[in-house]
Amino acid sequence: MQIPDYYQILEIERDATAREIQGAFRKLAKRYHPDKNPERTAFAEKMFREVCNAYHTLQDKKQKFDYDRTLQTIERQRKSHEAYIDRLNRLDQNYAKLELLLQALLHHNYETGVSMYEQLCHHSEEAGEEWCIDDFLSYEESRDCEFLIAEAYQKLGFSNGDASSALERHRKIEQAMLLYESLLSAESKRPCFKHFIREVKERLKFIYLYHFSVEGHDQRGHIPLTKIQALKLPKRETAWMYKKIAEFYVEIDQLPEARILLKMAFELQPRLTGAKKICKILNMGSLFR
């Protein structure tokens, strides 16, 4: 729907007073009166009609109120449509970039893939939006893509040949962890990948234990044990992880924490294997049978 912009026709602002509206009408009526424009009568008549229509609408309070409301509605719709078209254009561009990202990951070009992923996220943040893979792919395809991105972060984070600083490698490991956790959360709400969710848990186990290593501890510290519990692993696997964490605490000479973790491990798995040495170090031989 299109209507003429009477304010533009009268060359006045939207908040013009009644006196300003009347003054603008008189000035333009003189300018475009057909008698004053004998050489361009058709144009003058057209402009004179538009000026008169604009004045007759804006000088009447009720007509002006109705007109303003209609004009505002149309402008909101136009802006909404323009924003929609702009978003479609950006979606097309981002979809093309996403295809390149996937190609890079599938060809094990992890550095390129991660770089493109972070660019997409960064550009969306600048636009005040949150970039979401689900905007471009089906739910299942989105989770596959998320897995590949997480894998790329993990590969780069644990790559010995990576020239990045230890802090940067740790950042990538953290990002991999967040993406794997997102996959795990999505699977709990809408199961569709039972065939590889076990692999996600295995990778999270590896990353969680990294946080309880000297290198991981030096960078950011520990993760809460609730993350390990959220994996819902068999008791023997959770017990094994607790034992590994206890061994780390022994390594950094935090024996009280080590005893707590080892006790938790034995509570889950009374016949815990490979614990004889640490039980001896912690004087907890009574736990080992």
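**View 1. S142 and the residues it touches.** S142 touches I133, D134 and L137, a list that does not count residues up to four places away in sequence. Touching here is contact, meaning heavy atoms within 4.5 Å. The place of S142 is in helix α6; helices (H or I, at least four residues) and strands (E, at least two) are DSSP runs, numbered from the N terminus. S142 is buried, with a relative accessible area of 0%. Buried means under 20% relative accessible area, exposed over 50%, and partly exposed in between (1.4 Å probe, protein chains only). The model is predicted: local features need pLDDT of at least 70 and side-chain atom pairs count only at pLDDT 80 or more, while totals for chains, interfaces and linings use all residues. Residues are numbered from 1 along each chain as its sequence is written, and side-chain values use heavy atoms, with hydrogens and water left out.

**View 2. Helix α6 on its own.** Helix α6 covers residues 139-157. At 1.5 Å a residue, its 19 residues should span 27 Å, and the end C-alpha atoms are 27 Å apart, which agrees. The expected span of a helix is 1.5 Å times one less than its number of residues. Helix α6 is mostly covered, with 15 of its 19 residues buried.

**View 3. Helix α5 against helix α6.** Two packed helices are described by the angle between their axes and the distance between the axes. For α5 (residues 110-126) and α6, the axes come within 9 Å and cross at roughly 120°. That makes α5 oblique to α6. Axes are lines fitted to C-alpha atoms, for helices over the stretch in contact, and angles run from 0 to 180 degrees between N-to-C directions. Angles under 35 degrees count as roughly parallel, over 145 as roughly antiparallel, 65 to 115 as roughly perpendicular and the rest as oblique. The crossing in which α5 passes α6 is left-handed: the near helix is turned anticlockwise from the far one by less than a right angle, whereas clockwise would be right-handed. On the α5 side the contact is made by Y110, E111, V114, Y117 and E118, and on the α6 side by I149, E151, A152, Y153, K155 and L156. These residues divide into 7 nonpolar, no polar and 4 charged. Ala, Val, Leu, Ile, Met, Phe, Trp, Tyr, Cys and Pro count as nonpolar, Asp, Glu, Lys and Arg as charged, and the others, Gly among them, as polar.

**View 4. Helix α6 against helix α7.** The axes of α6 and α7 come within 8 Å, crossing at roughly 155°. The two helices are therefore roughly antiparallel to each other. Their crossing is left-handed. Residues of α6 in the contact include Y139, R143, E146 and F147, and those of α7 include R169, K172, I173 and Q175. The contact of α6 with α7 divides into 12 nonpolar, 4 polar and 5 charged residues.

**View 5. R171 and Y153.** R171 is found in helix α7 (residues 166-189). With a relative accessible area of 30%, R171 is partly exposed. From C-alpha to C-alpha, R171 and Y153 are 8.8 Å apart in space, and they are 18 residues apart in sequence. Y153 is one of the α6 residues in the contact with α7.

**View 6. Helix α2 against helix α3.** Helix α2 (residues 18-32) and helix α3 (residues 41-58) have axes that come within 9 Å and cross at roughly 165°. These helices are therefore roughly antiparallel to each other. The crossing of α2 and α3 is left-handed. I21, Q22, F25, L28, A29 and Y32 of α2 make the contact with F43, A44, M47, F48, V51, C52, Y55 and L58 of α3. Of the residues in this contact, 13 are nonpolar, 1 is polar and none is charged.

**View 7. Two loop residues with positive phi.** H108 lies in the loop between α4 (61-106) and α5. Its phi is near 60°, a positive value in a residue other than glycine. H108 counts as exposed, at 54% relative accessibility. K232 lies in the loop between α10 (225-230) and α11 (235-251). The phi of K232 is near 55°, again a positive value in a residue other than glycine. At 71% relative accessibility, K232 counts as exposed.

**View 8. The protein chain as a whole.** The secondary structure comes to 13 helices and 0 strands. Of the 289 residues in the protein chain, 41% are buried. Among contacts with a separation of 6 or more, residues 24 or more positions apart account for 57%.
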